[in-house]
Amino acid sequence: MIYFGEGDYSASKILAEADKEPRPLGAILEHVFGNTLVVAYIMRLKVQVKLSLVHLYTPRDTEQEIYDEGKAFIEKMLLHKTVGVKLARVDDNNGNLVGRVHFPQGEIAAEILKRGLAKLSTPKDSDFDAQYYRELKQA
């Protein structure tokens, strides 16, 4: 098993391997850092990744109460549960993987947006999923 931050960990290699699978990869959500950042263990790849939710961000001036509520919401819904993970890219700023988290009721990102626990960010690259972005905009 490889953990993020270890010597053998390579986000770009993990992304390349995950791209071979068209469907979301089965994963267990192991830790929630906040309302847009989680740790998941991807079972097929036997790797633990730090994952930023695609198209979401939390403004720096957000009150601590919103962070705490978002973290608690994700923990209640998904912590230690099996989810689907679809990786999109590697974040140039911090090396984290960026992607989507699917669960039986839908997308966690849409639920976070509906509750006002994060903001929708403008895509930074031209190779993004425009349909998914539109769905999030309507959330």
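Which residues does Asp-129 touch, not counting residues up to four places away in sequence? In this predicted model, Asp-129 touches His-55 and Arg-100 when those sequence neighbours are left aside.

- The C-alpha atoms of Asp-129 and Ala-88 are separated by 8.9 Å, although the two residues are 41 residues apart along the chain.

**Strand 6 and its partners**
- Of the 7 residues of strand 6, 6 are buried, so the strand is largely enclosed by the rest of the structure.
- Strand 3 (residues 47-53) pairs with strand 6 in the parallel sense over 3 bridges, and within this pairing Leu-51 stands opposite Leu-97.
- Strand 5 pairs with strand 6 in the antiparallel sense over 6 bridges, and these two strands form a hairpin with 6 residues between them, in whose turn Gly-95 has a positive phi of about 80 degrees.
- Strand 7 (residues 106-107) pairs with strand 6 in the antiparallel sense over 2 bridges, with Glu-107 as the bridge partner of His-102, and a hairpin of 2 residues joins strand 6 to strand 7.

**Helix 2**
- Helix 2 (residues 64-78) has 15 residues and should span 21 Å at 1.5 Å a residue, which agrees with the 21 Å between its end C-alpha atoms.
- Gly-70, Phe-73, Ile-74 and Leu-78 are buried in helix 2, and, seen down the helix axis, the buried residues fall within an arc of 90 degrees, so they line one face of the helix.
- An α-helix has 3.6 residues a turn, so residues three or four places apart point the same way.
- The face of helix 2 turned away from the buried side carries the exposed residues Gln-64, Glu-65 and Lys-76.
- His-80, which follows helix 2, has a positive phi near 65 degrees.

Conventions. Residues numbered from 1 in each chain as written. Predicted model: local features only at pLDDT ≥ 70, side-chain atom pairs only at ≥ 80, totals over all residues. Heavy atoms only, no water. Helix = DSSP H or I, 4+ residues; strand = E, 2+ residues; numbered from the N terminus. Expected span 1.5 Å × (residues − 1). Buried < 20%, exposed > 50% of the residue type's maximum accessible area, 1.4 Å probe, protein only. Arc of directions from axis to C-beta. Contact = heavy atoms within 4.5 Å. Pairing = 2+ DSSP bridges.
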